[in-house]
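Please take a look at the structure below. The report that follows walks through its helices, its charged pairs and a few single residues.

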Amino acid sequence: MMQGMSDVPEAPGSSEEVSFEIIASAGQARSLAFEALGYARDNNFVKARELIEESKKESLLAHRCQTRLLTQEASGDHVDVDVLLVHAQDHLMTAQLARELIEEIINLYEIKADKEIDLRGRCSK
């Protein structure tokens with residue numbers, strides 16, 4: 001669900017600060033997604049889904065930082081694009097892609113686990 005522009009916090013003093021916020025939140029989102037993958041590998045799908053939801057929340061924080069910069073630029077207050085900001089954007093995009101792929105892998109682990117349970121049930125009869 002998309003948040004309204006009123007939900008976007010005020011921009012801090014510099015794009016450098018925003019860049020660091022994006023990097024921190026995106027990094028946490030990525031870490032949580034990979035942690036979720038580990039739980040799915042161990043067939044703990046409840047914990048895996050919880051961590052994916054936490055990952056999404058962290059990703060949303062990074063996205064809100066990005067939106068602050070876009071809003072600032074759109075209002076006529078130019079945002080300097082430097083290497084740090086480019087790195088932050090790259091970090092966010094790769095974290096989002098990782099989470100999306102990990103969600104699909106978790107689904108596959110879950111399907112595999114269900115089939116193994118079904119197969120065990122058939123073999124025990």
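## A pair in helix 3

Glu103 and Arg99 both sit in helix 3, which covers residues 83–123. They are four residues apart, about one turn of the helix. The model is a predicted one. An α-helix has 3.6 residues a turn, so residues three or four places apart point the same way.

The side chains of Glu103 and Arg99 form a salt bridge, at 3.5 Å from N to O. Both residues are buried.

## A pair in helix 2

How far apart in helix 2 are Glu53 and Lys56? They are three residues apart, so about one helical turn separates them. Their side chains also meet in a salt bridge, again given as 3.5 Å from N to O.

Are these two residues buried or partly exposed? Glu53 is partly exposed, because its relative accessible area is 41%. Lys56 is partly exposed too, with a value of 32%. Salt bridges link Glu53, Lys56, Arg99 and Glu103 in a network.

## A bridge between helices

Side chains of opposite charge can pair when their charged atoms come close. The whole structure holds six salt bridges. One of them joins Arg68 to Glu21, with the closest N and O atoms 2.8 Å apart. Arg68 belongs to helix 2 and Glu21 to helix 1, so this pair ties together parts that are 47 residues apart in sequence.

Arg68 counts as buried, because its relative accessibility is 7%. Glu21 is partly exposed, at 31%.

## Helix lengths

Helix 1 runs through residues 15–41 and has 27 residues. From its first C-alpha to its last, helix 1 reaches 39 Å, close to the 39 Å expected at 1.5 Å a residue. Just after helix 1 comes Asn43, with a positive phi of about 65 degrees.

Helix 2 has 30 residues, so it should span 44 Å at 1.5 Å a residue. Its end C-alpha atoms are 42 Å apart, which agrees. Gly76 follows helix 2, and its phi is positive, near 95 degrees.

## Ser59 and the buried residues of helix 2

Where is Ser59? Ser59 is in helix 2, which covers residues 45–74. Ser59 has a relative accessible area of 5%, so it is buried. Other buried residues of helix 2 include Phe45, Leu51, Ile52, Cys65 and Leu69.

Which residues does Ser59 touch, leaving aside its neighbours within four places in sequence? Ser59 is in contact with Ala29, Leu92, Gln96 and Arg99. With Gln96 there is also a polar contact of 3.4 Å between the side chains.

Glu17 lies in helix 1. Its relative accessible area is 41%, so Glu17 is partly exposed. Glu17 and Leu85 are 68 residues apart in sequence. In space, their C-alpha atoms are 9.6 Å apart.

## Rings

How many aromatic pairs does a search of the whole structure find? The search finds zero. One ring does have a charge over its face: Lys47 lies over Tyr39, at 5.9 Å from the ring centre.

Definitions and conventions
Residues are numbered from 1 along each chain as its sequence is written. This is a predicted model: local features need pLDDT of at least 70, side-chain atom pairs count only at pLDDT 80 or more; totals for chains, interfaces and linings use all residues. Side-chain values use heavy atoms; hydrogens and water are left out. Helices (H or I, at least four residues) and strands (E, at least two) are DSSP runs, numbered from the N terminus. Buried means under 20% relative accessible area, exposed over 50%, partly exposed in between (1.4 Å probe, protein chains only). A polar contact is a pair of N or O atoms within 3.5 Å; within protein, one must be able to donate a hydrogen and the other to accept it, and residues adjacent in sequence count only if both atoms are side-chain atoms. Contact means heavy atoms within 4.5 Å. Rings of Phe, Tyr and Trp (its six-membered ring) pair if their centres lie within 6.5 Å; planes under 30 degrees apart count as stacked, over 60 as edge-to-face and the rest as tilted. A charge sits over a ring if NZ of Lys or CZ of Arg is within 6 Å of the ring centre and within 35 degrees of the ring normal. The expected span of a helix is 1.5 Å times one less than its number of residues. A salt bridge is a side-chain nitrogen of Lys or Arg within 4 Å of a carboxyl oxygen of Asp or Glu.
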